[in-house]
Amino acid sequence: MRAIAAKPFAFELSLKKPALIIIDMQRDFLEPGGFGAALGNNVSLAAACIPAVQALLNTARELQLPIIHTRECHKADLSDCPPYKLKRGSAALRIGDAGPMGRILIDGEPGNAIIASLAPMDGELELTKPGKGAFYNTQLQDYLQQRGIEDLIFAGVTTEVCVQTSMREANDRGYRCLLVEEATASYFPEFKTACINMLVAQGGIVGWAAGLAQTLDGLQKAYGHE
Ligand code: TIU
């Protein structure tokens with residue numbers, strides 16, 4: 001069987017390749033001085049997943065899977081940022097304020113870039129999103145439908161915020177979703193564990209979760225040496 005060993009049961013791989021969607025591996029969330037740190041978090045906890053995301057990305061490139069990278073960001077005039085979102089977090093450093101890596105969470109600023117080791121390559125979609133979910137106010141649904149993509153493999157940060165929101169949005173739109181456990185991280189390890197348990201509970205109410213080794217093995221067996 002072409003499948004990835006996963007929870008709550010095997011994730012079958014069809015002839016149509018799944019897309020890899022990497023959520024918000026941007027400096028804002030992974031390096032000191034960005035939005036994640038401004039919210040009071042220890043960003044090294046999120047950065048711990050970088051090597052696993054790299055391994056997944058390398059395999060997806062080798063096997064020519066469609067690849068999508070998202071960035072959470074707002075327009076320079078903040079017209080796409082809800083007032084409540086602006087007011088939350090630390091008063092000292094809010095969205096749009098000047099920080100050590102440029103204006104916090106603003107499209108095009110140095111801190112908003114995807115980290116160099118995971119930088120998108122030609123042919124990969126780099127998707128800006130104003131919300132936590134990757135479908136809200138973006139062209140993602142059109143992009144996936146135009147290519148007939150039915151299955152999504154998720155990685156990125158943070159597990160219980162942007163990754164979970166995007167996975168739930170995708171599940172409601174009919175995509176089968178697999179989250180790769182080592183390739184996602186949270187500032188709160190206990191939230192990551194609870195989130196994965198929630199997603200796969202009740203027979204996979206939102207989707208599947210699998211280890212990195214199982215995912216790479218399943219993908220190689222299904223799509224390698226074609
Ligand atoms: N704060 C937090 O955990 N996450 C976010 O604000 N955005 C994403 O998850 N990308």
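Predicted model: local features only at pLDDT ≥ 70, side-chain atom pairs only at ≥ 80, totals over all residues.
Trainee: Let us start with the backbone. Which residues does a cis peptide bond join?

Mentor: Look at omega. A cis peptide bond joins lysine 7 and proline 8, with omega about 0°. Proline 8 sits in the loop between β1 (3–4) and β2 (11–12). Now go to valine 157 and threonine 158. A cis peptide bond joins them too, and omega there is about -20°. Threonine 158 is in the loop between β8 (151–157) and α7 (159–172).

Trainee: Next, phi. What is the phi of glutamine 64?

Mentor: Its phi is positive, about 60°, although glutamine 64 is not a glycine. Find glutamine 64 in the loop between α4 (50–62) and β4 (67–72).

Trainee: Is glutamine 64 buried or exposed?

Mentor: Exposed. The relative accessible area of glutamine 64 is 64%, and the cut-off for exposed is over 50%. Leucine 78 also has a positive phi, near 60°, and is a residue other than glycine. Leucine 78 belongs to the loop between β4 and α5 (83–87).

Trainee: Now the cysteines. How many disulfides are in the whole structure?

Mentor: General idea: a disulfide is a covalent bond between the sulfur atoms of two cysteines. Here, a search of the whole structure finds 0. Take cysteine 73.

Trainee: Are cysteine 73 and cysteine 81 buried or exposed?

Mentor: Cysteine 73 is buried, with a relative accessible area of 4%. Cysteine 81 is buried as well, at 8%.

Trainee: Last, the core. Which residues touch the most other members of the largest nonpolar core?

Mentor: Met25 and Leu56, in a core of 46 residues. Several elements give two or more residues to this core, among them β3 (19–23), α1 (27–30), β9 (176–185) and α9 (212–223).

Trainee: Which element gives the largest share?

Mentor: That is α4, with 6 residues.

Trainee: What does methionine 25 touch?

Mentor: Leave out residues up to four places away in sequence. Then methionine 25 touches residues including Leu30, Ile50, Val53, Ala113, Leu118 and Val157. There is also a second, separate core of 27 residues. Ile68, Leu125, Cys162 and Ala209 are among its members.

Notes:
Residues numbered from 1 in each chain as written. Heavy atoms only, no water. Helix = DSSP H or I, 4+ residues; strand = E, 2+ residues; numbered from the N terminus. Buried < 20%, exposed > 50% of the residue type's maximum accessible area, 1.4 Å probe, protein only. Disulfide = S-S within 2.5 Å. Core = buried A, V, L, I, M, F, W, Y, C linked by side-chain atoms within 4.5 Å. Contact = heavy atoms within 4.5 Å.
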